[in-house]
Amino acid sequence: MEAHQHSPDSSSEECTVLEAPPGKNTCPQHAGKVADLYCSACECALCEDCVSDHEEHPKVPLSQALEQHRSSLQERLGAVQNRLPQISDALTFIKEILQQLTNQRGSIEEDIQSSFEDLHKQLDVRKSVLLMELEVTYGLKQKVLQAQVDSLSRGEGDIIATCTQTEEALAGEACVASLQVERELGERLVELASLRLPYQPEENDQLDLQLETDGMRKSIHNLGTIVTTSAVASQSEAMGAGLEQCIVGHPASVTIVTRDKSGGACKSGNAILSAEVFTPDGSIVDGEIVDHKNGTYEFVYTVPKEGDFSLALRLYDQHIKGSPFKLTVTRAFETEVEVSPSTTTATNSAANATPSTGSSEGAKRRGKSPGQKKKGSKRASSALGTPRRKTQNPIEDDLIFRIGTKGRNKGEFTNLQGVAASSSGRILIADSNNQCVQIFSNEGEFKSRFGVRGRSPGQLQRPTGVAVHPSGDIIIADYDNKWVSIFSCEGKFKAKLGSGRLMGPKGVSVDQNGHVIVVDNKACTVFIFQLTGKLITKFGSRGNGDKQFAGPHFAAVNQNNEIIVTDFHNHSVKVFTPEGELVLKFGSNGEGNGQFNAPTGVAVDVNGNIIVADWGNSRIQVFDGTGSFLSYINTSADPLYGPQGLALTSDGHVVVADSGNHCFKVYRYLQ
C-alpha cells in the first residue's frame, strides 16, 4: 500500500480524519469535543459523546494508545532498517560477480581475437560463431544478474523512501490527526519487512574458453567452445556416506549435484568446485574431485586419523547447501561390531581401493555375510546358493591379465566404458573418449577396431555400452548422439534405433528373443526395441520407488528373460519381467557385504548368480538369484579404479573395464 498525500479540502471520509482540527486531540466525530479515550476494537479516538456507542468495546486512555502505536511503529521501522545492510552486502556481492563476468567476457573476447589472427580466412566463420555464442551466453547471464541488481535496487529505494517518511512522521507530535498516516506507514513497513528479495546470486561469473591450437587446421569446423554452467552454490547439494562418517585410512566418497537458480539439475560439467577436509589441528586432508561431465562430481578423500573434522564444499568460492559439514572419523572396528573378524578383513580389503565407476566380475565360492539381509521375493537358489566354505578372506588375487594403457592407439584406451563378450571368443570394449570399439580375443590379443568420431549415422560420439546380438551384429549405445547404432561383426554400419526417444543411453543388452535392451541414464527409463528399431515397451521414471531409477547404468538378462538393472544413485539392483514388473530388488547404501555405493556393471552366470560392480566401494560382489550375498572377486593385488562395464567371457572368466586405469582386466571365476 502506498502512502498518499491528501489535500485539506478533500471531501472523502478518509481525508476528513486526516484534516487538521483546531485542537490536537479534538474528537473527529464531534466538533469541539476533546478525545481522551481510544477504542481498541474500532481503532479510533473517543470523546465523552462517543463512549455510549462503544460501551462493550475495550478502551484505554488515548495517551496510552498513542504511545503504544508509536512504540509498535518504531519496532517495525527498526526491523525494516535492519534489512538494509543485508541488501547492501548482496548488491556489492552480485555487482562484483557481474563485473567479473563482464571482465571475463572482455578477456575471452581478446583471447578469441588473438587466436584467430594467425589462421587462414576460412576461420572467420568459426570466429563469428564463437563471438555470437559468447554474446548470447554473456547476455543470458548478464540479464539474470542485472535483473537481480534492479530488483534489489528497487527494494532498497522503497525501503529508504518509506523509512524516511516514517521517521518524519515520528519526528512530529503524536496526535489523532496522524493516526491514519502512521497506520498506513505501518502497513507499508509490514509489507517491506516481508518483501522477498533475491539476496543469493542466481548466476555466476564463469565464462571460459576452450581453445586448442594443436591440429587446428584439421578440426577447424569444431574449433573452440564457450564453457560455462548455470550452477549456483545456494541450490547445489551434496550426498553420500562420506558427508557424515568415514573410517580411518579408508576412502570416503561424496557426490555433489550442481543445480541452477530454480533447483534444476545441471547437465554439464566444468563448474569450478573446491573441496577441503580440515583436521582438528587445522591442516587439510588431500582428496580428488572427479568431474562426471553431467553436472555431478565425486569428491574422494581419505582421513589418516580419527576425530571430528569439517568438510567444506564450495562452488565458485561459495559454500553449497549445508557446507561446511561435520565429519566423524572412527576406527574400522567401531563401525563393524556385528561382522565377524574374517568378514571385516574382506570388507576392509575391498574398501581400500579408490572409489570409481563399478563393473562386476566373478568370484570363487565363499561364505555369506553374517546378518546380511536380502530384499525381494524368494526364488529357487542356484548352484552357488550353498557356499563351500565360510571364510571371507581370499588368499590370492583372481586377476589373470590386464590389457591397455592410456592413449589413442590400438590396445590403448581413454575412458573405456561398456564391455561385451561374444560366443565366438571375442571381447568388445566401448572406448568412449576415443570414439571407437576395440575387439580382442579371450586371451587379450588385439583383433580389430572400428569407429569414426561424429554426429552422423554410422559415426560415434560417446560410445558407452556395447552388446553382441545372436546374429553377430554389434550394438552400441552412443550417449552423446542419443541413439543406439548397429554394426556388422566387421564394423560396417547397418542402422540406428531410438533416435528421438533416447536422452542418454548408457548400457545395452540383448534378451533371449533378440530384443535390444537400452538403459537410458538421463531419462531413468529402460527401453526394449526390436532390432528393426520398433519400440516394444519401456518402463521406469526418475525417483527412488521400486519401479523408478536414479541414474541407471547397465543391464543384464538371465535365463528367465528377466532384466537386471543397476540403479546407480539408489544404490540397488532391480530385476524386472520383460513387461517391466518388478520381480526383485536388493541392496542398500553402505560398505557391508551386499551393500552398494553406486553399482554400475552387471552380468549373470549360467547358474543365475548376479555379478555386480560396486562403484563407490571399489569392489565386485556376487549374489545368488534371490539377491543374497555370496562372495566377491579379489582385486587387491591390482586395485580397480573406475571400473565400468562387465561381462562373462565364453571361457567362463569375468572381464571388466577398469576405466580409471585405462585398461580392461580378466579375472578367474568359478561357476
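The exercises below work through helices, surface patches and salt bridges in this structure.

The model is predicted, so local features need pLDDT of at least 70 and side-chain atom pairs count only at pLDDT 80 or more, while totals for chains, interfaces and linings use all residues. Residues are numbered from 1 along each chain as its sequence is written, and side-chain values use heavy atoms, with hydrogens and water left out.

**Exercise 1. Name residues of helix 5 that are buried.**

Step 1. Buried means under 20% relative accessible area, exposed over 50%, and partly exposed in between (1.4 Å probe, protein chains only).
Step 2. Among the buried residues of helix 5 are Leu-185, Leu-189 and Leu-192.
Step 3. An α-helix has 3.6 residues a turn, so residues three or four places apart point the same way.

**Exercise 2. Which residues make the nonpolar surface patch of about 320 Å²?**

Step 1. Patches are made of residues with over 30% relative accessible area and no salt bridge; like charges are joined within 9 Å, and nonpolar side chains (Val, Leu, Ile, Met, Phe, Trp, Tyr) within 5 Å.
Step 2. Accessible areas come from the Shrake-Rupley method with a 1.4 Å probe; for residues, only the protein chains shown count as cover.
Step 3. The patch is made by Met-132, Val-136 and Leu-140.
Step 4. Met-132 sits in helix 4 (residues 123-171) and counts as exposed because its relative accessible area is 56%.

**Exercise 3. Which residues form the positive surface patch?**

Step 1. Lys and Arg count as positive and Asp and Glu as negative; His and the chain ends are not counted.
Step 2. The place of a charge is taken as NZ of Lys, CZ of Arg, CG of Asp or CD of Glu.
Step 3. Lys-406, Arg-408, Arg-453, Arg-455 and Lys-482 form the patch.
Step 4. Lys-406 lies in the loop between strand 16 (399-403) and strand 17 (416-421), and its 58% relative accessibility makes it exposed.

**Exercise 4. How many salt bridges are there, and which residues are linked in a network with Asp-638?**

Step 1. A salt bridge is a side-chain nitrogen of Lys or Arg within 4 Å of a carboxyl oxygen of Asp or Glu.
Step 2. The count comes to 20 salt bridges.
Step 3. Asp-638 and Lys-665 form a salt bridge with N to O at 3.4 Å.
Step 4. This pair links distant parts of the chain, 27 residues apart: Asp-638 is in the loop between strand 36 (629-632) and strand 37 (643-648), and Lys-665 is in strand 39 (residues 663-667).
Step 5. Asp-638 is buried because its relative accessible area is 18%; Lys-665 is buried at 0%.
Step 6. The network links Arg-402, Asp-638, Asp-658 and Lys-665.

**Exercise 5. Is Lys-293, in its salt bridge with Asp-291, buried or partly exposed?**

Step 1. The closest N and O atoms of Lys-293 and Asp-291 are 3.5 Å apart.
Step 2. Lys-293 has 46% relative accessibility, so it counts as partly exposed.
Step 3. Asp-291 is partly exposed, at 24%.

How values were computed
Helix = DSSP H or I, 4+ residues; strand = E, 2+ residues; numbered from the N terminus.
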